[in-house]
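Please consider its numbered points alongside the sequence and coordinates.

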2 protein chains.
Amino acid sequence: MQSRQILQKTIDDAFASAGFFHNPPELYEPIEYALRNSGKRLRPLLVLMGCDLFGGDINEALYPAMAMEIFHNFTLLHDDIMDRAPLRRGKETVYKKFDINTAILSGDTMFVMAYEYIARTNPIVLPRILELFNDTARMVCEGQQYDMNYETTVQVTHEDYIQMIRLKTAVLLACSMKTGAILAGAPPEETEKAYMFGENLGLAFQLQDDWLDVFGDSSKFGKELGGDIITNKKTFLYLKALELAREDTLIRLTQNFYDKESPEPEKVARITSIYRQLKIDELTRKEIEQYLRKGLQWLDEINIGEDRKTGLRELAREMLTREK
Amino acid sequence: MQSRQILQKTIDDAFASAGFFHNPPELYEPIEYALRNSGKRLRPLLVLMGCDLFGGDINEALYPAMAMEIFHNFTLLHDDIMDRAPLRRGKETVYKKFDINTAILSGDTMFVMAYEYIARTNPIVLPRILELFNDTARMVCEGQQYDMNYETTVQVTHEDYIQMIRLKTAVLLACSMKTGAILAGAPPEETEKAYMFGENLGLAFQLQDDWLDVFGDSSKFGKELGGDIITNKKTFLYLKALELAREDTLIRLTQNFYDKESPEPEKVARITSIYRQLKIDELTRKEIEQYLRKGLQWLDEINIGEDRKTGLRELAREMLTREK
């Protein structure tokens, strides 16, 4: 089994030496900017770990791994336009730094680049990898649409929300795991288990993000708390609160949530206090743990030696305790 | 050889029965709208004709053919945002009818759908088809970037313009022809000739578009003449005029081109008159004929019976004489 540090370094080196810059510079400079500012690179890591889990050659998985990261960053370019998000990982988003047209077209080009890396896959498994990637990309688009719909939909349940983040976030982590497994030559029933591990991990990951946004430690989180509350995002936390709140609390919750008058920190403090009163903190932690447990159960099911699973177990545990 | 009518009908039937609609409707309704309002469907026709030219089975080429049309329409969704174009084929553009976010995300989904149709290709040739499609998609993005750059670049030559339309328009026609040829099992040197035929046809096609916009018959063209002049588009016609005009004519040309005061019909009439004075009409026709001739020379070179080439020869000739 390869250590996570080695896999992470392999990915970072591949990105550092890839040379994404071409002509015209107006098109490729934003791409370099986006990929240089890339975050944890969790998706390519899952491809390599999924491949390594089944004893595959990680060098054969490196290009598809890069495809996942480039695809993910393409979706961020377009999502940030749609969500009017000014910042991403502490830096200006592409559409803010450049302009909307640039973010659209450089995004499209990154989407092509993702497919270029997918195409550099062993031809024997290419049809399966391509089909999986297509299915996933389409689901991610659908997830983003549901996310936008929910901004204006009155009746959204926390189940709707889970279904939305499954599409928008979790399936790409699932796809990454399964891609690695396919490349390692794992049989279909095993690749499916890898997929389910990734999907549940993805759900836990996104819920952890939502939780950190309200209950995190802002000095470690790297940004102000309550961003989702300020932008009226109907997260799991808000939807769960909405379902549990009664009478006065329900009125206070909705009034404060749609309050446009008060200073933002006051709004955040009031909503956070209602969340605590309704025990949304613990409820969300339980939900996270539940998805993580499900994910780990799928990992248990995988028919391979326990020693090969250590890295993924560690990664999953870290997700539950991460603070940024 | 299959008649063009049969090939066209095969394509239209395939689109009519494809069922592009899924959930959520906010995502897929604009896609249906865009694909229903689809134009001549020249690109899928070229895939089928390219396949038929080499005696291939057009049923094997139908999905990749659809991919080209869906990809083309995806680029229109995004281009229309970037170009702020209100109308497309006499109807509201997607971003006007819906909104910018919808045009971005439905466009992205169409891009995925194009790849889904590409993926439904015989696995033996899939790697070649996918690589060609990726190369082409990237060039189309680069072409759009050059097109946008030229809006603000002072020094653009007519050669720059040709290079831009080669990327933005011609390579997709070339890719369509070559895809058909590959699917028919044509040898590499023959598929390359098919590509060059398509590329030159594409250049002639775009120049004909530019010519029709100024010198067409507006009753047949289906829209008002002079759209490119009104929007200050630096077409082949304008760039050629700029290179040929001297002294007074040059001053009149640039003054009228950047005139924001006069009523639009007056501006169009003045620029058209300068074009006629500089014989831009004939010069552009000669340029179109030159590319068409080059294209037909590549068709001559293809090592296949003359009788199989009739359809493509006819299509190419029609392009030179089309009025809309």
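Predicted model: local features only at pLDDT ≥ 70, side-chain atom pairs only at ≥ 80, totals over all residues.

1. Copies are superposed by least squares on the C-alpha atoms of residues with pLDDT of at least 70 in both; pLDDT is the predictor's confidence in each residue, from 0 to 100.

2. Residues are numbered from 1 along each chain as its sequence is written, while chains are lettered from A and ligands numbered from 1 in the order in which they are written.

3. As to confidence, chain A has a mean pLDDT of 95, with 99% of its residues at 70 or more. For the complex, the predictor gives an ipTM of 0.96 and a pTM of 0.96.

4. Between the chains, 31 residues of chain A are in contact with 31 residues of chain B (contact: C-beta atoms, placed from the backbone, within 7 Å). The same surface serves both copies, since 100% of the contact residues of chain A recur in chain B.

5. Which helices of chain A each supply at least two residues of the side that touches chain B? They are helix 2 (25-36), helix 4 (58-82), helix 6 (100-119) and helix 7 (126-152). Helices are DSSP runs (H or I, at least four residues), numbered from the N terminus. Helix 7 of chain A provides the largest share of this side, 14 residues. By class, the side of chain A that touches chain B has 18 nonpolar, seven polar and six charged residues (Ala, Val, Leu, Ile, Met, Phe, Trp, Tyr, Cys and Pro count as nonpolar, Asp, Glu, Lys and Arg as charged, and the others, Gly among them, as polar).

6. Within chain B, the axes of helix 3 (residues 42-53) and helix 8 (residues 158-183) come within 7 Å and cross at roughly 35°. Axes are lines fitted to C-alpha atoms, for helices over the stretch in contact, and angles run from 0 to 180 degrees between N-to-C directions. The residues of this contact divide into 11 nonpolar, four polar and two charged.

7. Leu283(A) belongs to helix 15 (residues 280-301) of chain A.

Definitions and conventions: Contact = placed C-beta atoms within 7 Å.
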